[in-house]
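Hi,

Here's the structure I promised to pass on.

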Amino acid sequence: MPKNASLGGLERAVMDILWADEAGDGLSVREVLDRLTDRDLAYTTVMTVLSRLETKGVTTREKHGRSWRYHPSSTRESLTAEAMRSPLDDLSGEERQAAILHFLTEASPDDLAAVREAMAAVETKGDRSRRRRGRGEDSAG
């Protein structure tokens, strides 16, 4: 789990490149720099950003020859969820629910449809877990 899931603009651009790496072999600093075509950045700037992302726990790296290859440590969806969840962790249960409900009142119809779909998937998953536990209790006793 990332230590700090919030990202700055350049960090997000770098993560977009890492997430788009379909080969999944990770990318070197040079490969990330070459794909940041809309920015005029120094090699060392990209190297520093990748190092900071690793410190945050957002990326992992592995030695490949003389260079490092960087991989995202989680999916875009997981990181986004963590970034949204972190500020709520410090709130009481009542404050957290109020914030979530307020957030939902400002959501678009498309966002609300996505939330309903996700809730249905979570509830279905929860039903499956309860049924499995129920079978486990039946077989144990």
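Aromatic pairs first: searching the whole structure turned up 0 of them. Keep in mind that this is a predicted model.

One aromatic ring does have a charged partner, though. The charged end of arginine 61 sits over the ring of tryptophan 68, at 3.7 Å from the ring's centre.

Next, the helices. When two helices pack, we describe them by the angle between their axes and the distance between those axes. Here, α1 (residues 9–20) packs with α3 (residues 43–56) at an angle of about 85°, and their axes are 10 Å apart. Angles of 65 to 115 degrees count as roughly perpendicular, so α1 is roughly perpendicular to α3. On the α1 side, the contact is made by Leu10, Glu11, Val14, Met15 and Leu18. From α3 come Thr45, Val49, Leu50, Arg52, Leu53 and Lys56. Sorted by type, the residues of this contact are 7 nonpolar, 1 polar and 3 charged.

Last, the overall layout. The chain splits into domain 1 (9–72) and domain 2 (91–138). How far apart do the C-alpha centres of the two domains lie? The answer is 34 Å.

Cheers

Key: Residues are numbered from 1 along each chain as its sequence is written. This is a predicted model: local features need pLDDT of at least 70, side-chain atom pairs count only at pLDDT 80 or more; totals for chains, interfaces and linings use all residues. Side-chain values use heavy atoms; hydrogens and water are left out. Domain bounds come from an automatic or database domain assignment. Axes are lines fitted to C-alpha atoms, for helices over the stretch in contact, and angles run from 0 to 180 degrees between N-to-C directions. Helices (H or I, at least four residues) and strands (E, at least two) are DSSP runs, numbered from the N terminus. Angles under 35 degrees count as roughly parallel, over 145 as roughly antiparallel, 65 to 115 as roughly perpendicular and the rest as oblique. Contact means heavy atoms within 4.5 Å. Ala, Val, Leu, Ile, Met, Phe, Trp, Tyr, Cys and Pro count as nonpolar, Asp, Glu, Lys and Arg as charged, and the others, Gly among them, as polar. Rings of Phe, Tyr and Trp (its six-membered ring) pair if their centres lie within 6.5 Å; planes under 30 degrees apart count as stacked, over 60 as edge-to-face and the rest as tilted. A charge sits over a ring if NZ of Lys or CZ of Arg is within 6 Å of the ring centre and within 35 degrees of the ring normal.
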